[in-house]
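Thanks for coming, everyone. Let me put the model on the screen, and then I'll walk through it.

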Amino acid sequence: MTVTTSAGGAGTDPVRPDDEAVLEVTDLSVDFTSEDGPLRAVRGVSYTLRRGEALGIVGESGSGKSVASMAVMGLLPKNARVSGSAKVLGREVLGLPDSEISKVRGERIAMIFQDPLTSLNPVYTVGYQIAEAVLAHRRVGRARAHERALELLRLVGIPHPEQRVKQYPHELSGGMRQRVVIAIAMANDPDVIVADEPTTALDVTVQAQVLEALNAARRETGAALVLITHDLGVVAGHVDRVAVMYGGRVVESGPVQEVFHSPRMPYTLGLLGSLPRLDGDRATRLTPIRGTPPALNAMPAGCAFAPRCPMARDRCRDEEPALSATDAPGHTAACHYSGELDGVGPADLFGDGTAAAGRERTRATGAPVLTVNDLVKNFPIRSKGLLRRKVGEVQAVSGISLELRERETLALVGESGCGKSTTARMLLRLIERSSGEIVYRGQPLHDLSPRRMRPLRHELQIVFQDPFASLDPRMTVADLVGEPLRIHGERAGRARERAGDLLDLVGLDPAHGSRYPHEFSGGQRQRIGIARALALQPKVLVLDEPVSALDVSVQAGVINLLEDLQEELGLSYLFVSHDLSVVRHIADRVAVMYLGRIVETGPTERLFREPTHPYTQALVSAIPLPDPVRERERERILVTGDVPSPADPPSGCRFRTRCPKFAHGLSEGERTRCVEEPPELLDRGSGHRDACHYSEAVELL
Amino acid sequence: MLVYTVRRLLGAVPVLVLASILTFVLIDVSGDPLADLRLQQPPPDPSVIQLQEERLYLDRSMAERYWLWVTGIGGNGDIGLLQGEFGPSTQSTTYDIGANIAERLGVTLRLVGAAMVLAFGLAVLTGVVSAMRQYSKVDYTLTFIGFLALAMPTFWFAGIMQSAGVGFNELVGTQVFATIGDGTYQAQGQDLWGRITNAFAYMTLPTIVLMLTTFASWSRYQRTSMLEVLNSDYVRLARAKGLPERVVIRRHALRTALIPLTTVTAVGMAAIIDGTVLTERVFQWRGLGEFFIAAVDSNDSYALMAWLMLSGTTVIVANLIADLLYGVLDPRIRYE
């Protein structure tokens with residue numbers, strides 16, 4: 001367990017770029033043949049990567065950012081048609097036969113994929129898989145390759161590499177597996193490392209560790225980096241130049257500060273405006289980009305962004321703008337009117353007038369509607385044998401208390417496995433609690449029979465995370481939205497009528513009620529889910545990661561909708577999320593969970609300004625800011641290691657095994673208290689409570 | 001692993017007991033072994049019938065008979081599963097069910113073993129080729145052959161193969177393929193080369209018949225699992241490491257894609273042994289299938305029970321083998 005508290009440590013470039021081009025992509029295009037006609041995934045992408053340089057490629061899903069890099073690696077499926085040129089150290093790699101391209105892969109360009117859980121072969125040890133990469137390009141003995149594997153594991157910061165090297169992938173956590181993949185990538189000192197969403201599948205505190213490992217890999221190998229991501233914060237802190245992709249093309253590129261501070265393409269501006277920021281003004285309304293990205297088989301004739309662009313004129317719809325230089329050196333943009341964007345902010349272009357005014361935050365603390373006392377959920381662990389004896393317990397939620405008030409948004413945040421979703425579901429009795437009390441407006445819910453519970457379900461509704469899985473694909477949208485009404489005894493005709501109103505309420509066309517879910521985009525589906533939850537006119541809405549599965553530009557629209565609905569209908573939200581930026585934007589109060597316990601809770605503004613629990617401090621400090629200057633100057637509190645198993649939580653304070661304060665800021669005697677005595681959640685003034693024996697406010701923003 | 005194996009074996013005991021009860025009761029209530037004798041015209045002497053009833057223990061209650069069948073306590077020494085005796089036969093007083101079934105099992109296993117090894121090899125080969133050339137002409141051809149083999153009734157296909165064998169023999173003017181019998185008798189007293197040619201002559205045709213239907217379904221299975229693995233992230237990472245394509249296929253794709261087929265094969269073993277009845281009948285092999293048919297024909301309850309118990313035991317053992325194999329092949333599965 002070590003802590004790095006460094007100013008600008010993560011942001012600074014480990015490698016100094018020079019002028020030699022290591023990767024030169026020119027006019028790269030990729031088409032896929034499909035039953036719906038050709039899909040134009042990448043259309044004429046060009047970029048040059050110099051030795052040691054870090055290039056960020058940013059875009060939403062379907063923008064072609066991953067496909068373009070896979071094309072360079074020759075890893076696309078057979079139905080892909082690739083044209084253009086990609087030169088690695090001056091040598092053309094597109095169209096090389098397998099025997100030639102396999103000498104380039106791993107040796108000159110290495111790649112890191114998104115999902116660490118599936119990237120490693122489950123039947124070989126991690127040591128074998130790293131050694132294999134070494135042996136593919138180096139004439140060394142097995143023993144030497146194994147030694148090198150050990151060395152690489154050490155370099156990417158895996159503790160006890162001698163033991164880990166013999167383990168199989170399933171015995172390692174996601175963060176560790178991603179570091180193994182990074183070790184494989186750096187095995188042969190490549191000239192370029194392509195990282196495709198390397199941290200998207202990971203929790204924020206682990207993301208920080210993996211990005212640190214990636215930096216270590218670059219320091220060690222001197223490799224140039226292509227960092228593909230949708231996360232503007234990650235890009236801001238880790239690259240020199242950034243290229244923004246939209247509809248299969250690069251629409252803007254330039255030095256990262258330039259692009260973030262004075263974007264010259266309306267899409268980039270829109271992206272920045274739709275992002276809730278940890279360092280932004282909470283009262284400012286987000287400015288979403290209207291509409292959805294273009295379908296790959298039906299690209300608009302002119303600029304691909306024109307249908308969503310408030311600036312679009314006739315010329316934009318007819319003529320596709322070329323990527324051309326702007327007034328700043330090295331900064332290019334594909335917009336006919338990029339000159340007009342000088343000094344324009346997202347709200348000026350995408351706002352609807354209300355944005356500038358800001359939100360009125362008039363939160364009279366209402367009466368509590370939903371109260372939870374000492375809620376516990378244990379899942380039994382059963383033996384594998386015939387008898388399936390109970391051999392242990394996973395303590396998913398161990399004694400939490402919450403209070404949700406009228407017209408208030410309470411956010412429950414934490415990393416995966418902390419018990420936040422379990423808690424949310426227990427509140428609605430979708431999962432039965434092990435013990436504790438749930439009280440809704442003075443009425444205890446926890447021991448109601450299912451029959452007595454049913455009328456109360458009117459009042460408490462839920463919106464799920466995955467807008468694709470939570471809608472029955474065989475029901476029309478009107479049926480889906482009207483179903484709760486029919487279940488609660490409404491006539492079919494009346495339910496259908498109400499469904500129309502509800503669709504209108506969430507910003508969808510009521511005429512589309514006869515369509516099926518697959519005809520809608522992710523954001524629209526989530527709106528359908530919200531309309532369904534609102535059908536019974538509930539008082540409390542449990543939102544379980546409602547925007548996590550959505551692209552940034554779409555997410556902002558859903559967040560705004562939720563805010564409007566709360567205002568209009570007087571709802572109370574329990575907002576479950578792992579995304580602190582979103583939480584900071586939408587919530588009035590926040591409760592931070594770690595391993596089944598609440599470690600800190602308080603009013604949003606105060607909790608983010610001066611968090612007192614070391615875990616909250618680490619969380620806040622791990623969120624990347626979409627601002628290249630501030631992101632690189634920030635002070636960071638890094639935690640190491642992974643969340644311990646909830647089947648066997650540490651004694652005393654559950655966070656102590658990862659706590660930077662425990663490791664470095666306490667005396668031996670003070671530590672004993674952390675080990676022996678579980679800290680109580682104590683009030684630190686004005687509703688701010690934390691569960692730390694040695695809590696201390698730290699200003700991080 | 002050892003602990004797990006022992007526990008699984010112990011766990012198999014109650015299953016076997018249940019299987020024995022079911023087997024016994026189902027067969028015992030389904031018919032009277034002496035029905036033919038009783039209906040004989042002119043009617044046999046009651047003392048003859050009584051003698052037969054005593055010999056076959058039909059003078060006792062069903063519960064007593066079950067106990068006797070399992071333990072052999074209080075019998076004439078020719079009954080009791082736990083003593084390795086399967087009971088008296090209706091077919092003749094000298095017919096030893098145990099010795100017979102063991103001999104027949106040997107014959108059947110010879111056929112099934114060869115067919116399964118061939119089917120497995122061919123299924124892996126065609127499955128992998130099909131998956132790697134998905135939607136190509138090769139894939140479509142193999143898919144067509146696979147479905148054709150699945151669709152053909154065994155007895156019909158066996159008949160066709162038999163006629164084809166006869167036709168071929170006539171064409172070349174010498175007997176290359178034997179189309180009747182299992183060749184056990186013919187092999188006696190031959191030297192090694194003689195035995196090999198003899199085995200080839202007798203085994204080729206029925207092995208092909210038995211292999212084809214099994215191969216077809218396994219091949220589809222292998223194609224699916226190979227396709228899944230070929231599209232997996234770890235195969236992509238193996239390519240990204242710079243491994244040559246054939247190493248990627250052999251080491252990363254095939255190795256993992258074989259796991260499901262291996263267990264399917266183990267589990268399917270029992271079904272295949274039982275399923276040889278038709279093939280054996282057509283080629284007149286004196287295997288388990290023929291044993292089963294003879295037992296049914298002569299109302300031989302103890303022989304039928306023996307056959308059923310053998311099937312049940314094979315299923316249990318095959319499942320155990322499948323589970324253990326899975327543990328060996330897939331490190332994610334660890335038995336405590």
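**Helix packing in chain B**

Start with helix 9 (residues 192-230) of chain B and helix 11 (residues 245-275) of chain B. They pack at an angle of about 155 degrees, and their axes are 9 Å apart. Axes here are lines fitted to C-alpha atoms, for helices over the stretch in contact, and angles run from 0 to 180 degrees between N-to-C directions. Helices are DSSP runs of H or I with at least four residues, strands are runs of E with at least two, and both are numbered from the N terminus.

Helix 9 of chain B and helix 11 of chain B are therefore roughly antiparallel. The cut-offs: under 35 degrees is roughly parallel, over 145 roughly antiparallel, 65 to 115 roughly perpendicular, and the rest oblique. Helix 9 of chain B passes helix 11 of chain B in a right-handed crossing. Right-handed means the near helix is turned clockwise from the far one by less than a right angle; anticlockwise is left-handed.

Who makes the contact? On helix 9 of chain B, the residues include Trp218(B), Tyr221(B) and Met226(B); on helix 11 of chain B, they include Pro260(B), Leu261(B) and Val264(B). Contact means C-beta atoms, placed from the backbone, within 7 Å. By class, this contact of helix 9 with helix 11 of chain B has eleven nonpolar residues, five polar and no charged. Nonpolar covers Ala, Val, Leu, Ile, Met, Phe, Trp, Tyr, Cys and Pro; charged covers Asp, Glu, Lys and Arg; the others, Gly among them, are polar.

A word on provenance. This is a predicted model: local features need pLDDT of at least 70, side-chain atom pairs count only at pLDDT 80 or more, and totals for chains, interfaces and linings use all residues. Residues are numbered from 1 along each chain as its sequence is written, while chains are lettered from A and ligands numbered from 1 in the order in which they are written.

Now the next pair. Helix 10 (residues 233-240) of chain B and helix 11 of chain B have axes that come within 10 Å and cross at roughly 150 degrees. So these two helices of chain B are roughly antiparallel to each other. Their crossing is right-handed. Tyr234(B), Val235(B), Ala238(B) and Arg239(B) of helix 10 meet Val248(B), His252(B) and Ala253(B) of helix 11 of chain B. That contact of helix 10 with helix 11 of chain B has five nonpolar, one polar and one charged residues.

**The two chains**

Chain B has 14 helices and two strands. Its C-alpha trace spans about 85 × 60 × 40 Å along the principal axes. Of its 336 residues, 33% count as buried. Buried means 20 or more other C-beta atoms within 10 Å of a residue's own; exposed means 12 or fewer; partly exposed lies in between; C-beta atoms are placed from the backbone.

Chain A has 26 helices and 24 strands. Its radius of gyration is 26 Å, close to the 27 Å that the globule rule gives for 701 residues, so chain A is as compact as a globular protein of that length. That radius is taken over C-alpha atoms, and the rule is 2.2 Å times the number of residues to the power 0.38. Buried residues make up 52% of chain A.

Where do the chains meet? 30 residues of chain A are in contact with 21 residues of chain B. On the chain A side, the elements giving two or more residues include helix 2 (98-104), strand 6 (109-112) and helix 4 (126-137) of chain A. The residues of that side divide into 14 nonpolar, nine polar and seven charged.

Look at helix 4 of chain A. Eleven of its twelve residues are buried, so helix 4 is largely enclosed by the rest of the structure. Its buried residues pack against helix 5 (142-155), helix 6 (161-164) and helix 7 of chain A.

**Backbone details**

Three spots to check. A cis peptide bond joins Gln41(B) and Pro42(B), with omega about -10 degrees. Pro42(B) is in the loop between helix 2 (35-39) and helix 3 (46-55) of chain B.

Tyr57(B) has a positive phi, near 60 degrees, and is not a glycine. Tyr57(B) is partly exposed, with 19 other C-beta atoms within 10 Å.

Arg429(A) also has a positive phi, about 60 degrees. Arg429(A) lies in the loop between helix 15 (420-427) and strand 16 (435-440) of chain A. Leu448(A) is 19 residues from Arg429(A) in sequence and 9.6 Å away in space, C-alpha to C-alpha.

Methods:
Contact = placed C-beta atoms within 7 Å.
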